[in-house]
Amino acid sequence: MANDLRHIMTVLKIAGDLERIGDLAKNIAKRAMAVAGESQPRQLMNGLGHMTELAHKQLNDVLNALATHDDSKALAVWHGDVSLDDLYNSVFRELLTYMMEDPRNIGLCTHLLFGAKNIERIGDHTTNIAENIHYLVTGQVLADDRPKGVDANPMMITNPSE
């Protein structure tokens with residue numbers, strides 16, 4: 001009976017994360033439509049493209065882990081969130097630099113920043129799902145702190161000359 005209850009509670013939590021991922025994807029689509037007519041420099045789009053590919057792979061992997069009750073695959077996704085966080089920080093800095101170089105880029109870059117943040121949040125929800133899969137399979141909550149990227153706060157921009 002404990003296994004059944006754990007299964008029900010875990011699936012309900014995962015459903016909430018999947019709903020949130022859907023909401024974030026909808027927001028990304030709105031941002032994409034807002035900038036569809038604007039000229040987007042390729043280098044800016046490359047970083048977002050890499051983020052999207054990584055988030056998609058993580059989501060696909062975690063859903064496969066759920067379907068097969070594969071704890072090791074879920075833990076690989078959990079550890080892989082660091083890569084998405086690091087990539088987000090890189091894209092954030094790149095977009096900020098692009099805005100500072102030419103104020104005419106602020107509108108486009110603001111939409112792209114929100115899109116990047118939504119992609120990063122999708123990764124966070126995917127990591128939540130991985131944690132829940134671990135609990136479902138093992139009956140234990142992950143004791144470790146969630147891995148974070150090199151600089152978990154992209155607002156902390158330091159001066160390289162310091």
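**Close-up views of a predicted model**

**View 1. Arginine 121 meets aspartate 124 in helix 4.** Arginine 121 and aspartate 124 sit three residues apart in helix 4, about one turn of the helix (helices are DSSP runs of H or I, at least four residues, numbered from the N terminus). They form a salt bridge, with the closest N and O atoms 2.9 Å apart; the term means a side-chain nitrogen of Lys or Arg within 4 Å of a carboxyl oxygen of Asp or Glu. Aspartate 124 is buried at 7% relative accessibility, while arginine 121 is partly exposed at 31% (buried is under 20% relative accessible area, exposed over 50%, partly exposed in between, using a 1.4 Å probe and protein chains only). This is a predicted model, where local features need pLDDT of at least 70, side-chain atom pairs count only at pLDDT 80 or more, and totals for chains, interfaces and linings use all residues. Residues are numbered from 1 along each chain as its sequence is written, and side-chain values use heavy atoms, leaving out hydrogens and water.

**View 2. Lysine 117 pairs with glutamate 120.** Here the closest N and O atoms of the salt bridge are 3.1 Å apart. These two residues of helix 4 are separated by about one helical turn because they are three residues apart. Lysine 117 is partly exposed, with a relative accessible area of 34%, whereas glutamate 120 is buried, at 5%.

**View 3. Arginine 104 reaches aspartate 102.** Their salt bridge brings the closest N and O atoms to 2.8 Å apart. Arginine 104 is exposed, with a relative accessible area of 73%. The count of salt bridges comes to five.
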